[in-house]
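Subject: Structure for you to look at

Hello,

Here is the structure I promised to pass on. Please open it alongside this email, and my notes will follow.

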Amino acid sequence: MRRSFASAWLAAAMLTASFAGAHAQDRTRVGVLECRGGASIGFIVGSVTNLGCVLRADGMPEDRYIATIRKVGVDLGITEESALAWAVYAPVAHLGPGDLSGNYAGAQGSASVGVGLGGNVLVGGSANSIALQPLSVQGQVGINVAAGLESLELRPGR
């Protein structure tokens with residue numbers, strides 16, 4: 001069983017890496033989206049996590065979002081908290097307030113025993129023109145293993 005989890009996580013990581021290179025080539029890095037959230041419980045075939053996010057871009061005020069992450073695939077365990085950061089790539093050099101709002105999808109993989117790591121690449125937003133690539137790996141605290149597909153819904157926040 002451990003071997004299947006490791007294989008699933010490795011497959012998701014490789015898919016994430018190949019997906020990342022293909023979708024950032026014609027885009028400009030506009031900033032960093034940082035998200036933090038509380039507890040999440042994996043339900044074997046998926047999970048739902050809510051996060052608070054902020055887009056930080058040079059010369060622009062912080063742009064806040066509320067995020068809902070849905071995972072489909074292997075997802076077992078409980079995490080107490082998560083922190084994620086993505087580099088944001090768009091077809092334009094500057095985004096206005098709320099421009100990241102929309103739905104994103106991609107591959108993901110993570111594992112935790114105590115403190116753990118993960119990563120994901122997502123594409124979406126306006127006409128699927130925005131790419132979110134892992135700036136660093138996801139950090140989480142708990143016991144969890146997950147690999148599969150992920151969707152992210154971003155809504156304007158306060």
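This is a predicted model: local features need pLDDT of at least 70, side-chain atom pairs count only at pLDDT 80 or more; totals for chains, interfaces and linings use all residues.

Residues are numbered from 1 along each chain as its sequence is written, and side-chain values use heavy atoms, with hydrogens and water left out.

**Confidence.** The pLDDT (the predictor's confidence in each residue, from 0 to 100) has a mean of 75 over the protein, with 65% of residues at 70 or more. Strand β1 (residues 28-37) has the highest mean, 92, and helix α1 (residues 2-23) the lowest, 43. Over residues 1-24 the pLDDT is below 50, and this stretch has 31 contacts in the model beyond near neighbours in sequence (a contact means heavy atoms within 4.5 Å).

**Layout.** The protein has one helix and six strands, running α-β-β-β-β-β-β from the N terminus. These elements are DSSP runs numbered from the N terminus: helices are H or I with at least four residues, strands E with at least two. Of the contacts with a separation of 6 or more, 75% are between residues 24 or more positions apart.

**Core.** Of the 158 residues, 44% are buried (under 20% relative accessible area, with exposed over 50% and partly exposed in between; 1.4 Å probe, protein chains only). The largest nonpolar core has 21 residues, and L33, W86, V88, L100, L132, L152 and L154 touch the most other members. Such a core is a set of buried Ala, Val, Leu, Ile, Met, Phe, Trp, Tyr and Cys residues joined through side-chain atoms within 4.5 Å. Strand β3 contributes the most to this core, with seven residues.

**Salt bridges.** The whole structure contains five, counted where a side-chain nitrogen of Lys or Arg lies within 4 Å of a carboxyl oxygen of Asp or Glu. E62 pairs with R56, with the closest N and O atoms 2.2 Å apart, and also with R64, at 3.0 Å from N to O. A network of salt bridges links E34, R56, E62 and R64. Elsewhere, E153 and R70 form a salt bridge at 3.8 Å, N to O. That pair joins distant parts of the chain, with E153 in strand β6 and R70 in strand β3, 83 residues apart.
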